[in-house]
Amino acid sequence: MLQASLFAPPPPTVAASGPVLSLRPYQHEALDAIRAAYAEGVRRPLVVLPTGAGKTVVFAHLIRDLPGRALVLAHRDELIGQAADKLRQVDPTAIVGRVQAGWDEWRAPVVVASVQSLAQAARLSRYRPGHFSTIVVDEAHHCTARTYRTILNHLGALEPGTNVLTVGVTATPDRGDGVGLGHVFEPIVYERGLPEMIAEGYLVPLRGIRVKIDADFGTLRVRAGEVSETDAARLLMAHDAPGLVAAAYRRHAAGQRAIVFTPTVQVAEACAAALAVKVALMLPVKPELAAGLNGIAKQLLSEALAA
């Protein structure tokens, strides 16, 4: 049985050739909150931090500090790559495997897995309940989907009196469909909001300007809580969103450096044309930046749908 000593200080690690990611004060607080909750018997704590606050760094340190095998569940390619990179930066000695499409490094002590891949019976059945002593669910607001519950049930994370520590991290614990997370996770043990993170200088101040478009976003299909990118692109193109973006830029931010985040390459090219910039300037972004932009864009879209 896992004891309070689960959170004993980690052993020294071999120095890395690159920078090891250190913790900010609030990230220390998040880890302390998980430890305190664990001591009180909480096995499925939820941590809420806004996009850009470094949730991946928090759980990378958690996994480094704990004994036993660990699993990180994510649902997007960029999040899987980001998690694997951060785990290696925090602990250069860690052996990190991926279970995702063509990757099948399932025997690694630390596994970062695609939910869609691991939920497949042939892959999931190789693990016995309790194989992982620590499970992290990235973007935990998706945990209501059947695939997540299939995995967590099989690994023993949802059993009463389980010894498995399952930590959920998310920026948006309140789902747009109103479905709660309480059937998977226990209390929110640590939460920091966007305004206080901005006030403390950790995040850049935001000034939101809504560009109105005469379109019905309620017609977009939603799968597992995610708006269809293809549908969104079709709707945006049909209502000249690229032209509206260009007009808004010239009105509110002319001459300033800017980035336009779009659902598809087609919309990106149309925006580039409307802004009269060269397509060659559109470059793929790093996974961690893509993940952050994706989270911000989807949060803004959710707010627009709710308005």
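A: Helices (H or I, at least four residues) and strands (E, at least two) are DSSP runs, numbered from the N terminus. Helix α8 spans residues 229–238 and holds both Arg234 and Asp231. The two are 3 residues apart, about one turn of the helix.

The model is predicted, so local features need pLDDT of at least 70 and side-chain atom pairs pLDDT 80 or more, while totals for chains, interfaces and linings use all residues. Residues are numbered from 1 along each chain as its sequence is written, and side-chain values use heavy atoms, without hydrogens and water.

Arg234 and Asp231 form a salt bridge (a side-chain nitrogen of Lys or Arg within 4 Å of a carboxyl oxygen of Asp or Glu). Their closest N and O atoms are 3.2 Å apart. Cover differs across the pair, by relative accessible area (buried under 20%, exposed over 50%, partly exposed in between; 1.4 Å probe, protein chains only). Arg234 is exposed at 53%. Asp231 is buried at 9%.

Across the whole structure, 12 salt bridges are found. Asp104 takes part in one with Arg123, at 3.8 Å from N to O. This pair links distant parts of the chain. Arg123 sits in helix α5 (residues 121–124), and Asp104 in strand β4 (residues 103–104), 19 residues apart. Arg123 is buried at 13% relative accessibility. Asp104 is partly exposed, at 33%.

Asp104 also bridges to Arg126, with the closest N and O atoms 2.7 Å apart. Arg126 lies in the loop between α5 and β6 (134–138), so its pairing with Asp104 in β4 ties together parts 22 residues apart in sequence. Arg126 is partly exposed, with a relative accessible area of 27%.

Elsewhere, salt bridges join Glu29, Arg192, Glu196 and Glu200 into a network.

Now the surroundings. The protein has 11 helices and 10 strands. Of its 307 residues, 43% are buried. Leaving aside residues up to four places away in sequence, Leu87 contacts (heavy atoms within 4.5 Å) Ala60, Ile63, Val72, Ala94, Val96, Val110 and Val112.
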